[in-house]
Amino acid sequence: MIPALETEALGKRYGSKWALQDCSFSLQPGSIAALLGPNGAGKSTLLELAVGLRRPSAGSIRVFGHEPLHDSKQVLPLIGFVGQERPLYRGFSIADMITFGRKLNEHWDDEFAHERIAWLDLDPRKKVGDLSGGQQAQVALVLAFAKRAQLLLLDEPIAAFDPLARREFLQLLTETVADREVTVLLSSHILGDLERVCDSLILLTAASTRLSGSIDEVLATHRLLVGPREEQDLATTAHAVISRSESERQVSLLVRKECPIVLGDRWTVTEPSLEEIVIAYMERPKRPRPVMEKEAVLA
């Protein structure tokens, strides 16, 4: 099966600074993936590369087997993209934006667009520039969904939504994926919402991929170990240490399992939450800190 989105050692450089570097992952059709990372990690750059708005400085990116920049005629009809700036014309009315979408997109679903705008209780005659930030985000998402794209790239689409609007949007998203096997890459800082609807994640920090895979796999391969400080070599020798905290007598380690965990009775082993895992990776320094002998650090 051809991946919906695939990158290999992908990088984008502006002058001497890398906005994205050595990014590799594969997103299978019909999945919903969370794109996570702190501000400046390269999330928006990745999405812009996927839609062909940027030229890669290194590596490759493919959408259903096509290069976005060179095969734009094949790629653009397949993608629905909503960037943080929301691609809307402020002087257009909502009805104008729907007409604009219909004229540009071969598989446009006009009935869905009008019904969704009505369901949102938005006046089609109202100018985009007169809408609130949340309403503009709703209109942009309606246009992206009405395009009937195979891949939805959504950059912080629900940041301006209240909790009820977020819940309704996520329900629409899951229904759309179930009905039409759409693939979604969704960037957001609201991890709780993402965990409810996403089946995989891509975590970027310091412009590089730090974690990629199914959420079930990520949860299954990480453990929180708490035990006596003097025995920490038992854990650090065998497993990759993602984060640690210490007191005078005790050490707490979040580790990625490299083998079955075998420790003494003085240790407790628990399953961390997805939030704990993500935060641990995000908090890690950009460059490996000096470590004691036998300590394993995940690159």
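This report walks through the sheets, helices and cores of the structure above.

## About the model

The model is predicted, so keep its thresholds in mind: local features need pLDDT of at least 70, side-chain atom pairs count only at pLDDT 80 or more, and totals for chains, interfaces and linings use all residues. Residues are numbered from 1 along each chain as its sequence is written, and side-chain values use heavy atoms, with hydrogens and water left out.

Helices (H or I, at least four residues) and strands (E, at least two) are DSSP runs, numbered from the N terminus. Two strands are said to pair if DSSP finds at least two bridges between them.

## The six-stranded sheet

Let's start with an open sheet of 6 strands, ordered E5-E6-E7-E3-E8-E9, in which the pairing is mixed. Its edge strands, each pairing on one side only, are E5 (79–82) and E9 (208–214). From one strand to the next, the twist averages 10°; here axes are lines fitted to C-alpha atoms, for helices over the stretch in contact, and angles run from 0 to 180 degrees between N-to-C directions.

At the E5 end, E5 runs parallel to strand E6 (residues 151–155), and 4 bridges join them. Ile79 has Leu151 as its bridge partner in E6. Helix H5 (residues 133–146) lies across E5 and E6, at about 175° to E5.

## Strand E3 and its neighbours

Strand E3 is paired with E7 in the parallel sense over 4 bridges, and with E8 in the parallel sense, also over 4 bridges. On the E7 side, Leu35 has Ser187 as its bridge partner; on the E8 side, Ala33 stands opposite Ser200.

How many of the residues of E3 are buried? The count is 5 of the 5, so E3 is largely enclosed by the rest of the structure. Buried means under 20% relative accessible area, exposed over 50%, and partly exposed in between (1.4 Å probe, protein chains only). Both faces of the strand are covered, with Ile32, Ala34 and Leu36 on one side and Ala33 and Leu35 on the other.

## A look at Ser187

Ser187 lies in strand E7 and is buried, with a relative accessible area of 0%. Its side chain makes a polar contact with the side chain of Asp155 (3.4 Å). A polar contact is a pair of N or O atoms within 3.5 Å; within protein, one must be able to donate a hydrogen and the other to accept it, and residues adjacent in sequence count only if both atoms are side-chain atoms.

Leaving out residues up to four places away in sequence, Ser187 touches Leu35, Lys43, Leu47, Leu154, Asp155, Glu156 and Pro157. Contact means heavy atoms within 4.5 Å.

Strand E1 (residues 5–14) is joined to E2 by 7 bridges, and Glu6 stands opposite Ser26 in E2.

## Nonpolar cores

A nonpolar core is a set of buried Ala, Val, Leu, Ile, Met, Phe, Trp, Tyr and Cys residues joined through side-chain atoms within 4.5 Å. The largest has 54 residues, and Leu154, Phe169, Leu173, Val184 and Leu201 have the most contacts inside it. H5 supplies the largest share of this core, 9 residues. A second, separate core has 26 residues, among them Cys23, Leu27, Ala33 and Phe64.

Val184 is in contact with residues including Leu27, Ala33, Leu152, Leu154 and Leu173, when neighbours within four places in sequence are left aside.

## Helix H10 and Tyr281

In helix H10 (residues 274–283), the buried residues are Leu274, Ile277, Val278, Ala280 and Tyr281. They cover an arc of only 160° around the axis, which puts them on the same side of H10; the arc is that of the directions from the helix axis to the C-beta atoms.

Tyr281 counts as buried at 1% relative accessibility. Its side chain makes a polar contact with the side chain of His222 (2.9 Å).
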